[in-house]
Amino acid sequence: MGFRDIWKEYMKNSSLHGAKFIVDERYQHSERFFWVVCVFASWMASGLLIRASLDAFQNNAISFVVETSFLNWKTHFPSIAVCETKNSDKIQEISELLWGVEHDFTLEEVLSEITYFRGESYHLVHECASDEPIANCLFSDYIKYARLVRSDCSRTLKECQWNGERKFNCCDYFFPMDSELGTCYAINSIQTENPKKMKMPMISDKYSGPGRLTMEILTEANIYILGEEDVPHLVTPKSEMLAVTPHISYYRQITMKNIENDPETRDVNVAQRSCRYPDENILDVHESYSYSACSVQCRKDAQLKICNCTSHLMPNVSPHLHCNISGLKCLNEHYEELSIVIPKWSSHGRKGVVCDCLPSCTEIDVSIVHDSKNKGGNHQAVAQVEIELSALPTERYKRNVVRGRLDLVVSMGGTTGLFVGASLLSFVEILYYFTIRPYGNFLMKKHAK
């Protein structure tokens, strides 16, 4: 049985609409040509619709809507991170320990730049990287000196209170977080050293009202209001952080909007939904993914590429990759380039760290409603800080899956069924008639002989 005979048998018995009329010799050539045109047109229409379904599945699988059923929500207070920015007393104490009471006070500036490194190191470069460095300069192992100076949690935070009623020990809930700004202390964050430790139940709903957190800060520090997966970083806008100093009382009122995700969003690949969940991590600087963590990764990669080393404060980096004096000089020279993050599509002709980072699927939108500070209201050597939700959220974003994999299968099955009468078994027929059926015919003929 030749291929032509197999083809004819398949076409005569196929469940595909119109196929049998094409090979049936009882019909005139014009009739058979008519059916060829009809079948071809049906397959073309089916192909175009399937292509449109695939395109919609790839590019428009997700939709955003705004929900307003706010009465049923339980709003989690955002993560608060406290990062020390200056401690003159500790700088002086460690300087006397390292170099004695009678030391060059320029070394204190050098030690301060190392401890609170922000990408620039003017005194270190000009005093220690020159042809004639001053005596007792620091040339390497900078992370050791930074850890000597920076305050631990008990010397950073003194007393915390939730909703004006429940006082608690700050350091029971504020855990260390390594960042490119050094060690910070954060509450309600999954980026801390041990995110599974007990968390403060800071929930706001229609029964408790808007939440309010009060803290006493013992040093000069920057306070960051973040999502639980976000981290403080070098290019955080100044308007989004609160710089505090002792003897001053600060009050900040905020609003926040969450993003709720349809459970089926997990089944949609990252490229289609254009976001990553925190546990879908591709970074090595932080344990969980976020846009801010990704920007830190971009800066680390750029530092390695340009200077062959990284900042000594860069988290989760092997000590042998930390910059020595020549490396910090290189970082200082390229400060402007390394301190700007630009998207991949706008990198032509612009200086900056090219970052092709996706947002987090669970990020929050925090807006500042009101800021105030009272310079004369606090006579203690602490900064009193109060952060409060201005009102319970009335809106939140919802990410819905409008075209999942099942929708794609149903759409393609309906299209092929409508235009060509095909089902999954129709394609099994092809395999059957061109492989199993000829072998069966051969055995039957052999048996008959």
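Predicted model: local features only at pLDDT ≥ 70, side-chain atom pairs only at ≥ 80, totals over all residues.
**Stop 1: helix 3**

Start by selecting residues 29–59, which make up helix 3. Its 31 residues reach 45 Å from the first C-alpha to the last, close to the 45 Å expected at 1.5 Å a residue.

Now show side chains for Val39, Ser46, Ile50, Ser53, Ala56 and Phe57: these residues of helix 3 are buried.

**Stop 2: a nonpolar patch**

Switch to a surface view and pick Phe33, Val36 and Val37. Together they make a nonpolar surface patch of about 270 Å². Val36 belongs to helix 3, and it's partly exposed, with a relative accessible area of 36%.

**Stop 3: salt bridges**

The model has 14 salt bridges; here are some to click through.

Select Glu388 and Arg212. Their closest N and O atoms are 3.9 Å apart. The pair links distant parts of the chain, with Glu388 in strand 17 (residues 383–389) and Arg212 in strand 9 (residues 212–217), 176 residues apart. Glu388 counts as buried at 15% relative accessibility, because the cut-off for buried is under 20%. Arg212, at 23%, is partly exposed.

Next, go to Asp371 and Arg252, where the closest N and O atoms of the salt bridge are 2.7 Å apart. Here too the pair links distant parts of the chain: Asp371 is in strand 16 (residues 365–374) and Arg252 in strand 12 (residues 249–257), 119 residues apart. Which partner is buried? Arg252 is, with a relative accessible area of 3%, while Asp371 is partly exposed at 37%.

Then try Asp279 and Arg266, a salt bridge with its closest N and O atoms 3.1 Å apart. Asp279 lies in the loop between helix 8 and helix 9 (291–307), and Arg266 in the loop between strand 13 (259–261) and helix 8, so the pair ties together parts 13 residues apart in sequence. Asp279 is exposed at 54% relative accessibility, and Arg266 is partly exposed at 41%.

**Last stop: a network**

Finish by selecting Glu67, Glu260, Arg396 and Lys398 together. Salt bridges that share partners join these residues into one network.

Note on methods: Residues numbered from 1 in each chain as written. Heavy atoms only, no water. Helix = DSSP H or I, 4+ residues; strand = E, 2+ residues; numbered from the N terminus. Expected span 1.5 Å × (residues − 1). Buried < 20%, exposed > 50% of the residue type's maximum accessible area, 1.4 Å probe, protein only. Patch = residues over 30% accessible without salt bridge, like charges linked within 9 Å, V, L, I, M, F, W, Y side chains within 5 Å. Areas by Shrake-Rupley, 256 points an atom, 1.4 Å probe, with all protein chains shown as cover. Salt bridge = Lys/Arg side-chain N within 4 Å of Asp/Glu carboxyl O.
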